[in-house]
Amino acid sequence: MRYGMVINLKRCIGCDACAIACKQANGTPPGTFWSHVIHKEVGKFPNAKVEYTPLLCMHCENAPCVTNCPTGASIKEENGIVRVLADKCIGCKQCIVACPYQARWFMDYKAKGYFPSEGFTDKEKADYGKFELGKVTKCDFCWERVQVGEDPICVQICPATARIFGDLDDPQSEVSQLLHHNESKQLVPEAGTNPAVYYIG
Amino acid sequence: MISMSRRTFLKGSSGVLATIALATGVDMSVKAFDSVSAGSDTVEWKPSFCGFCHFPVCATQVKVVNGVAMEVKGDKNSESNQGRLCTRGASVLGNLYNPYRVKSPMKRTNLEKGIDIDPGWVEITWEEALDIVSKKIKAAVDEDPRSILYSIGFGVEESFMAAPIFIALGTPNVLETPGPTCPEHFNQLHLNGMMLDRVDLEHAKYVLIVGRSLGTNFALSCASHTSHYADALDKGIKFVTVDPQCSHTAQRGEWVPILSGTDTALGLSLLYTIIHEVGIFDEKFLKVRSNAPYLLDPSFKLIKGRKVYKETYLRNEEGKPLVWDKELDKAVPFDTSKGETYAILGTYEVDGKVVQPAFQILKDYLKEFTPEWAEPITTIPAAKIREIANDLIFHSHIGSTINIEGFDFPYRTSSVVMGRGMSSHMLGVEAQKAFGTINVLLGNLDVPGGIQGCYNISWDKSGPDEDGIMEPKGNMANQVTGDDIVYPPETIAMGDFYPMKHCATPMAWHSVLEPEKYHINYPINVYLIHGGDPVGSHVNSPSVHEALKKIPFIISVAYHYDLPTQFADILLAESSSLEKDSIYRMCRNEKECTYDTVGLMGTLVKKPIVKSVYNTRVAEDIYIDICERVGKLSEFNTAWNHALLYTIPAIKDEIPSGLKPEYFLNTDKKYTWRECIERKVASDYGPNAIKEFDKCAFKADRLSLKESYNYYFLPDNKVRLPIYYERMVRNGERMMRQLKEFNVTVPNQDMEHVYSFYTGLPMWYDNAGYETTNEYPFKVINWKIHYGVNSTGGLYENAYINEIIDYSNPYAKCIWVPAAAAAEIGINEGDIVCVESRLSGKTQGKAHVSELMHPKCIGIPGNFGRRTPYMNPLKNTGVHFNTLLSNNEATINPISMAMEGSPQAKIYKI
């Protein structure tokens with residue numbers, strides 16, 4: 001079992017629903033984006049377009065964040081998901097340096113809520129209690145949802161059905177079939193990380 | 001290393017640890033913030049539906065933990081969105097938990113009003129607020145109900161026009177805020193018989209998109225629009241997008257850059273090419289399903305140098321339009337046979353009159369509108385125009401049929417999809433006529449593969465007028481049938497002088513400032529605004545501000561502080577999307593469809609997910625309270641019983657608009673809005689149905705596939721569609737006759753100019769405002785962005801939306817300058833620039849140098865920049881486009897009353 005994701009760039013319309021879905025479901029504070037999209041204008045008039053690249057943790061097979069973690073706080077689970085165990089994290093930020101995808105976020109004590117002059121909202125009060133000062137956080141493929149057989153929220157919510165999640169080790173899974181039938185790429189292949197997130201289209 | 005026994009999160013700035021004192025007496029140094037939960041949490045998932053776009057039919061599930069809404073996702077059990085949810089729906093918790101909302105009823109203490117003047121709001125009780133408001137409204141009703149103005153807008157999409165407040169109060173002065181920059185329903189009403197249309201992506205092969213978005217921007221929606229669009233991209237449907245801006249469909253298909261406002265020229269030249277060069281079009285459709293064979297005098301008039309067609313059908317003694325039957329070799333009434341033997345070309349003599357079929361007249365008219373003529377106007381190369389014309393025909397499958405559930409339909413797979421970007425110009429209605437006629441030539445109206453009408457009336461209830469031509473019923477039908485002139489005018493927005501108007505609201509302010517000039521002989525006492533912004537969404541100009549200041553008493557049913565609240569006297573704090581009861585009817589998937597959704601309809605009901613965060617109330621309950629206090633409760637209840645509004649339409653005979661008599665509200669009793677909704681649901685679905693909405697907010701109903709294509713109900717010549725807009729000509733004659741009877745003209749209008757627009761064919765004239773000039777070398781355009789359409793749901797002040805824009809897509813808040821022009825003028829990325837409109841004011845912001853704009857078009861996306869110092873500071877970002885628009889009569893479209901949506905402009909660094 002190795003969970004992975006296929007993102008279809010032909011279907012992606014760069015709407016950022018995945019970014020906001022993740023943020024509100026996980027309650028990340030301002031400035032933290034476990035899931036987000038790069039919008040980049042390329043080309044020259046009239047042959048110009050915007051390239052959308054949805055980003056999240058790649059849950060790499062050879063995860064440098066795991067190998068570089070001095071305390072074993074960053075772990076690769078049996079199902080392939082890379083997680084951070086907050087109790088073990090000492091906030092050394094080696095993983096942030098090591099990650100080629102800038103997928104890790106540090107809980108800075110200077111961070112504020114969304115309304116600095118108005119105080120925390122009820123949701124913020126409930127959300128921020130989940131996070132620890134001085135620790136690293138990141139996308140965990142919606143670990144708790146996956147345990148009960150649901151897809152990550154960014155996959156469920158995508159208006160264009162551009163994200164598919166599943167078991168890369170199962171040749172009959174939708175992710176495997178998509179990779180079998182389509183040319184795909186992974187980001188920063190030269191880093192040798194073998195990400196579990198693939199891009200097609 | 002810090003050791004903490006409980007998880008904490010600190011708020012601080014400048015390195016100073018700040019703390020929040022809680023009732024538990026928290027230690028000041030490290031544990032600045034305690035998690036709410038101690039022990040087990042109460043977790044519930046509750047159904048709701050999203051109201052944040054033009055198609056508020058996506059059902060959601062919201063996670064509530066200890067009474068706090070913590071997460072939203074799409075409801076996977078809903079047939080409308082199947083678990084998907086867009087950017088806007090996903091941000092709803094930012095709409096609920098927004099400390100800048102109007103938190104309670106407020107009263108103005110500073111009597112001086114203005115955009116930048118502190119209203120001096122103080123909190124008052126609901127009793128005081130309703131007492132003040134009701135007394136004012138009662139006095140206005142007693143003096144003259146017309147003295148009450150009411151604005152409703154798409155700020156409350158899921159309850160837009162649901163509660164019949166203005167009917168109850170008896171005022172005709174409904175100043176709808178949607179409409180003046182999207183007069184895009186003319187074409188659908190004439191050719192599909194209803195106000196909305198969609199393209200059939202199940203079968204389409206080639207779609208020419210003109211001034212509209214599909215799948216993104218305005219059309220981003222999880223009720224399958226975006227998913228269908230993505231499927232279409234996967235399938236290889238060819239999208240050709242004619243737009244001044246390179247939208248997503250343009251990027252994924254082909255982009256044909258066009259100078260904004262010149263689409264009419266493109267439409268005329270495409271018609272020329274199809275008819276005069278390609279020579280292939282759906283002749284059977286023309287003969288059987290259109291008024292192409294109807295005989296008319298081919299002569300035209302010159303009015304102000306413009307070629308206009310004022311002739312009406314040649315009729316027999318019974319008044320029936322005549323056609324020339326080639327087999328019988330004589331003129332016969334149009335309904336003599338199906339039409340396959342009717343002539344669409346030629347010149348004939350009938351009773352001494354020289355007449356031609358409408359199609360011959362059109363063909364001759366088009367001779368001058370070659371691609372070479374259109375090229376310098378549109379900036380589209382003639383070769384490209386020819387290529388598009390050829391491709392439309394090549395992909396059309398003219399002559400083919402498809403059998404669906406035992407019924408043979410014509411099968412037509414190329415179409416033109418039109419939108420407001422094309423139609424909100426002086427010649428915008430002409431563009432709709434031209435491109436509408438292209439769809440007629442392609443034979444694609446209401447058949448598989450083509451353009452389908454969708455809304456509350458299907459063709460089993462609709463039908464032809466006495467001339468055999470499509471006559472829409474219900475909402476917006478006046479855009480075909482034409483209203484009578486009403487004099488003295490009942491409404492202040494001057495719509496009574498414009499028979500085929502779409503939206504008149506921006507004209508209202510002229511009447512407020514100069515009532516005598518505009519024939520208004522009654523006072524204006526009260527203005528009730530709810531969910532609309534008649535300043536920021538229309539014309540944000542000093543004269544509009546002056547008009548609002550003149551109105552003695554303004555009430556805003558307000559979720560947030562905005563431009564209108566700067567002029568209000570009382571704010572009635574409205575509950576937000578997740579705090580309210582709503583009912584909505586989904587009538588057909590609009591914009592596009594596949595077999596998955598083509599016949600899908602249904603009802604959505606929601607109730608509050610959480611207790612109101614602040615001292616707010618459901619808007620409709622506020623209305624009911626007001627009606628009770630002013631003695632209009634029975635009128636409100638009667639209007640609800642009989643569904644005198646179009647917003648809860650029928651789905652089928654068993655599920656009508658109104659209530660069945662056994663579920664009527666007792667006219668003398670006061671009900672809550674929740675009770676009104678429950679009665680409607682019981683009436684539609686039975687007494688136990690309301691419980692179903694406790695699981696999922698959407699209850700589906702489906703037509704069969706064949707019933708989803710309107711042609712099924714009125715095939716062949718059962719209804720005909722216009723290529724010559726003869727009824728429009730008659731509307732114009734009636735208008736002139738009635739104005740003469742009243743001895744008035746249309747206020748502040750050049751009557752020759754107005755009269756010229758009532759013409760049977762798409763008119764063209766030079767210097768209609770589409771062109772650039774030496775002093776104003778650019779055209780400035782706006783497009784809706786998916787982060788917030790129609791300012792619905794306070795999205796422009798939503799913290800999540802703003803953060804993701806600033807982080808990922810900051811160009812959305814900029815002025816887009818075409819790269820080549822920027823280089824020439826010396827504008828660099830990030831420079832502060834000013835855009836000045838020839839019609840009106842100026843606006844400024846940060847420049848984004850872009851390769852995605854037509855070289856002579858400047859772009860200002862979205863609805864940003866509605867600034868006052870007294871609103872959510874998040875809204876004080878971005879650039880305001882509407883400051884560039886004008887409500888001057890000389891600049892509006894005389895048919896639709898739409899404002900010019902793309903003024904001539906200049907740009908400079910400041």
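## Charges over rings

In this predicted model, B:Lys310 places its charged end over the ring of B:Tyr755, at 3.4 Å from the ring centre.

## Aromatic pairs

Over all chains, the count is 38 aromatic pairs. One of them joins A:Trp34 and A:Phe131. Their ring centres are 6.2 Å apart and their planes meet at 85°, so the pair is edge-to-face. A:Trp34 sits in the loop between α1 (17–26) and β2 (36–44) of chain A, and A:Phe131 in the loop between α4 (122–128) and β7 (136–138) of chain A, so the pair ties together parts 97 residues apart in sequence. Both A:Trp34 and A:Phe131 are buried.

In chain B, the rings of B:Tyr796 and B:Phe864 have centres 4.8 Å apart and planes at 85°, so this pair is edge-to-face. B:Tyr796 is in the loop between β33 (778–781) and α24 (799–808) of chain B, while B:Phe864 is in the loop between β37 (857–859) and β38 (904–909) of chain B, so the pair ties together parts 68 residues apart in sequence. B:Tyr796 and B:Phe864 are buried.

## Helix α12 of chain B

Helix α12 of chain B covers residues 382–394, 13 residues in total. From first C-alpha to last it reaches 18 Å, close to the 18 Å expected at 1.5 Å a residue.

Which residues of α12(B) are buried? They are B:Ala382, B:Lys384, B:Ile385, B:Ile388, B:Ala389, B:Leu392 and B:Ile393.

Definitions and conventions:
Residues numbered from 1 in each chain as written. Chains lettered and ligands numbered in written order. Predicted model: local features only at pLDDT ≥ 70, side-chain atom pairs only at ≥ 80, totals over all residues. Heavy atoms only, no water. Helix = DSSP H or I, 4+ residues; strand = E, 2+ residues; numbered from the N terminus. Expected span 1.5 Å × (residues − 1). Buried < 20%, exposed > 50% of the residue type's maximum accessible area, 1.4 Å probe, protein only. Phe/Tyr/Trp six-rings, centres within 6.5 Å; stacked < 30°, edge-to-face > 60°. Lys NZ or Arg CZ within 6 Å of the ring centre and 35° of its normal.
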